[in-house]
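Could you take me around this structure, one selection at a time? I have it open in a viewer and would like to know what to click next.

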Amino acid sequence: MVLKFIFVTDSNNGVIEKILLRVAKRLGVTLGLKRVIRKLYAYIEGNEEDIENFSRELSKELPLSIFLKSLNAEVVEEFENDENIEFPQVNLPPCPKCLSEVKNPDNDNYYNPFHHCEVCGYDFNDQCKMENGKLFFEKLADKLKKEGKIYIQTMNGKYEVSTDLENAEQVVAVDLAAVATYFMSFEGDAKALGSIEKPLVNLKTNLNFKKEYGLSTPAFLVKLPDCMVLELLCEEIKSDIKLLGLKKTENCDDFSFEIENNDEIPIAVVTDTKNHDILLSKGERGILPKFEKYLSKDIEAQNGFYKAESKKNKTVLFKTGEFKEIDVKIPFAGYYGVLNQWNLEDKVTLGFAFYKENENKVMINSPKFGLVEYIEFGFKFDNFEEIFAAIKVMNETGEKLIKNFSEKQPELFENAIKSNLTTNKQGIAYLWGLIGIVLGFADNIDDAYEKVLEYANSAMAKKGPRIDYKMKDKNLDPLWAVRTAMSFKLAGVDNYLLSFGVLESFAEFLSNTYEQLNKETPLDGAVIVGDLFEGEFLNKIYTYIKKNYPTFTPKALPLSGAVEAYGAAVIKSKS
């Protein structure tokens, strides 16, 4: 008898394969593996009892993954196995098997924070093992309860761990029940938080949080324990403390060890789509290194700290210790990276490639005409005097707006005049920085941009005020967005709702651009790539387009970083 499991997954980081191999070896059953693009096939050969035992054990050990889309099984006639199947080694939070072992008093690894296996774990000395771990974590938890603060090394950095959440950079919830108690979370959030990748998810606080903690903080980046250190600490405090605040520190006086791990913790965006799609805006833990298909030539390409090496019938993406500028244009590299991953190079697609400190472009790729740049976002100003003067001469309404703003919001007007517009920000990030300045969030582009994002991602809103994004020839005219933001400020719209409208309206603008172009030239989907896409902006643009059309983001990768290295290699392979 042969049972075939069919896993649909965007990732080939090897987690599922390693667990399948481990279970098969322990039970002594024959396992075959085969991968075809997004589908991983596992063939189990044996009698009915063998297959039942394998299925039962697999269900215990198989973790949730943000990349696993579905799992089915069927009885087949033929057994198959690809002997050349490979998967990379990655740092990963604890798997279900290791978690059960460290909490089992009869196991040799009871309360050993350094326990790991062939599936999960981090790059530290294999000889590390803690004796009397239960007593150690009891004392550590007792100090935290008494003093409200400890300083420890985790597998993902050194942190001040506190029961005071006011200035927390991250919040650790002891379990999903704590998340549901204190945050506005939904089904997709629980799946993301509970996955083996353990990403951070931006969650808005609820009334329970505000009552119990006495804080008005509207939102936090939240995660579940993502290493054995935090897992065992939370095990000791969970009856008394439900949330912990984390802040980066160089002090780890209460617990320290040596570890080689510079991976960035993933940040996930759970979209408002019907299936609550989970997208990675940034991060690399449990993701890199990553295997992609061979590009037909032995090629190397690098973007920042990320490198793509295509050789020996596979392409490997990984993080290097050396920064190197990419030798092709970033937006093109990002676009072509996604096109190649999803086999879209012979399709007609509209690409949205937006970067904070690089060019922003809307592009069309078609097999008939090749790559066509559709919308540009090139605008810069020396100062706000220039901006206000340009708005004045747009029309009579513009002149009245500047007059009213200077009289009714004199402080904001003067602060904008004095502000510093020197920055590396480009395109939409630059424009949102301008808007943040005129709304009084900061006196420079970089800080004002970050404030716009902070307010928008924390807003308790489903709909914001409509900010005007209008074209001037083939370029976006930034003045309309600035002036409508000023108008809403004069009307008394609060900063959270107004910032939400700034992001949401641009997402609508891009969605409408797709709709309009699709009527003229039928499109096969939209490609979204670039580090500007994060938080509510990523959620909105993806959700708006996904309602009616295919939408593609980097496959099992963050929105920017490694995908541009891969895209550069794709471009090189065609030259």
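**First stop: a strand with two partners**

Select Val161 and you will find that it stands opposite Leu246 in strand β11. This is a predicted model, in which local features need pLDDT of at least 70, side-chain atom pairs count only at pLDDT 80 or more, and totals for chains, interfaces and linings use all residues. Residues are numbered from 1 along each chain as its sequence is written, and side-chain values use heavy atoms, with hydrogens and water left out.

Now widen the selection to strand β6 (residues 157-162) and strand β11 (residues 243-248), which pair in the antiparallel sense over four bridges. Strands are DSSP runs of E with at least two residues, helices are runs of H or I with at least four, and both are numbered from the N terminus. Two strands pair if DSSP finds at least two bridges between them.

**Second stop: a covered helix**

Move on to helix α8 (residues 228-237), where nine of the ten residues are buried (under 20% relative accessible area, with a 1.4 Å probe and protein chains only). Among them are Met228, Leu232 and Ile237.

**Last stop: two crossing helices**

Finally, select helix α11 (residues 396-408) and helix α12 (residues 410-418), whose axes come within 5 Å and cross at roughly 105°. The axes are lines fitted to C-alpha atoms over the stretch in contact, and angles run from 0 to 180 degrees between N-to-C directions. So α11 is roughly perpendicular to α12 (65 to 115 degrees).

Key: Angles under 35 degrees count as roughly parallel, over 145 as roughly antiparallel, 65 to 115 as roughly perpendicular and the rest as oblique. Buried means under 20% relative accessible area, exposed over 50%, partly exposed in between (1.4 Å probe, protein chains only).
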